[in-house]
Amino acid sequence: MAEAAYIHIPFCEQICHYCDFNKFFLQNQPVDDYLQALRLEMIKAMEDQVLNEELKTIFIGGGTPTSLSAKQLDHLMESIHQTLPMQSVVEFTVECNPDQLTMEKLSVLKNAGVNRLSIGVQAFQDSLLKKIGRTHNKETVFQAVERARSLGFENISIDLMYGLPGQMIEEWKETLSVAFSLEVQHMSAYSLIVEPKTVFYNLMRKGKLLLPSQEEEAFMYETVMNEMERHGYHQYELSNFARKGFESKHNLTYWHNNHYYGFGAGAHSYLDGIRRENARPLKKYIEMIYKNNGTAFVSENMLTKEEMMEEEMFLGLRTIRGVSKKRFRDKYGLDVGEVFGPQIEEQLRKGLLSESASHLFLTRKGMLLGNEVFQAFLAVS
Ligand code: SF4
């Protein structure tokens, strides 16, 4: 059974220059048909009993869920409440763009029991925001947070980005200091990754994208880790920081390699050792839902035990606590050292990994070179 449900809303009012998520420009899209298809997918999941009262978290992401109108958001919330088991849900998050957070939409979310907002902020310099293709500005972020608080939202997260084109270290420090002044409960800080098929990728290929050097980017990462700590946000994952008790329970499901179910175009699910992916194109997703009576997955991959153990390692090592040795033994019936002895030894020797009696975890140096460590645990067992 899945303890987390993800619902994908693949529409955006603007397309950011760095984004490779499954999203579509909102105008002229069959939004209502899509919402209806989502409802059918939820009904089917309940019929198939993949969700029950063990469901603890719901996360509506995108795309931009708040690009829906208040009426459409309301319709989506109604579908969720009428189909999914809500009795044990403790965390209900919606991703938002600051300039779309009207009082009307916020009220819809609040009335539906949404208790966590994740706001895409990225930076606090209007010129930088424009450069990366965002439509909001610093002022709209403050207004959005204020409005949300006035309606009683007490768990707000903001996303920030570093390593942006032309971003100076001083600007990153300024972004952090403005972010702290908002006194939100949770922050995520991601480094820019230039993905294929994005505006930035094309610019990079033409030699027109001026990015901070690797050293500067590493310095920005160290800065965010130090500053968050100093301001009372403890780091619990490589890119995530929270006030005590406000860690994202939904995202911890992914990092703990537990089961989740994803609804919508391109959404992923992980259930009983099987990873599934839904059709990404909107039209295809909607067609499949009707044709297959409520399912739209185009790939289904049964993981071997070896693959599950590898995933346990590279997902678990993303968390600051690291991989629990007991959990590993309970789940797979083997000691982590029996399976990954040489890899662990090597990473310990390199100073990238450390261990306590109960956990294996990345060192500070390992956090800066995370991918190198994760790679070491892939395709070895
Ligand atoms: S709003 Fe989010 S999903 Fe939409 S294009 Fe920008 S980054 Fe991508």
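**Entry 1: Met 308.** I began with the neighbours of Met 308, and I found that this residue touches Asn 257, Tyr 270, Gly 273, Leu 303 and Tyr 332, leaving out residues up to four places away in sequence; contact here means heavy atoms within 4.5 Å. Met 308 itself lies in helix H11, residues 305-316, where a helix is a DSSP run (H or I) of at least four residues, a strand is a DSSP run (E) of at least two, and both are numbered from the N terminus. I also looked up Lys 331, which is 23 residues from Met 308 along the chain, and the C-alpha atoms of the two are separated by 9.8 Å.

**Entry 2: what I am reading.** I noted that this is a predicted model, in which local features need pLDDT of at least 70 and side-chain atom pairs count only at pLDDT 80 or more, while totals for chains, interfaces and linings use all residues. Residues are numbered from 1 along each chain as its sequence is written, and side-chain values use heavy atoms, with hydrogens and water left out.

**Entry 3: the two domains.** I looked up the domain assignment, which gives domain 1 (4-254) and domain 2 (319-376); such bounds come from an automatic or database assignment. The contact between them takes 10 residues from domain 1 and seven residues from domain 2, and the C-alpha centres of the two domains lie 29 Å apart.

**Entry 4: the area between them.** I read that about 760 Å² is buried between domain 1 and domain 2, with carbon and sulfur atoms giving 69% of it; buried area is the accessible area (1.4 Å probe) that two parts lose on being put together, summed over both. On the domain 1 side, Glu 222, Met 225 and Leu 238 supply 49% of the area that this domain buries against domain 2, more than any other three residues.

**Entry 5: the charged pair.** I then asked which residue forms a salt bridge with Glu 222. The partner is Arg 364, with the closest N and O atoms 3.9 Å apart, and the count between the two domains is one salt bridge, defined as a side-chain nitrogen of Lys or Arg within 4 Å of a carboxyl oxygen of Asp or Glu.

**Entry 6: the side of domain 1 that touches domain 2.** I saw that helix H8 (214-230) and strand S9 (234-237) each supply at least two residues of this side, and that H8 gives the largest share, five residues.
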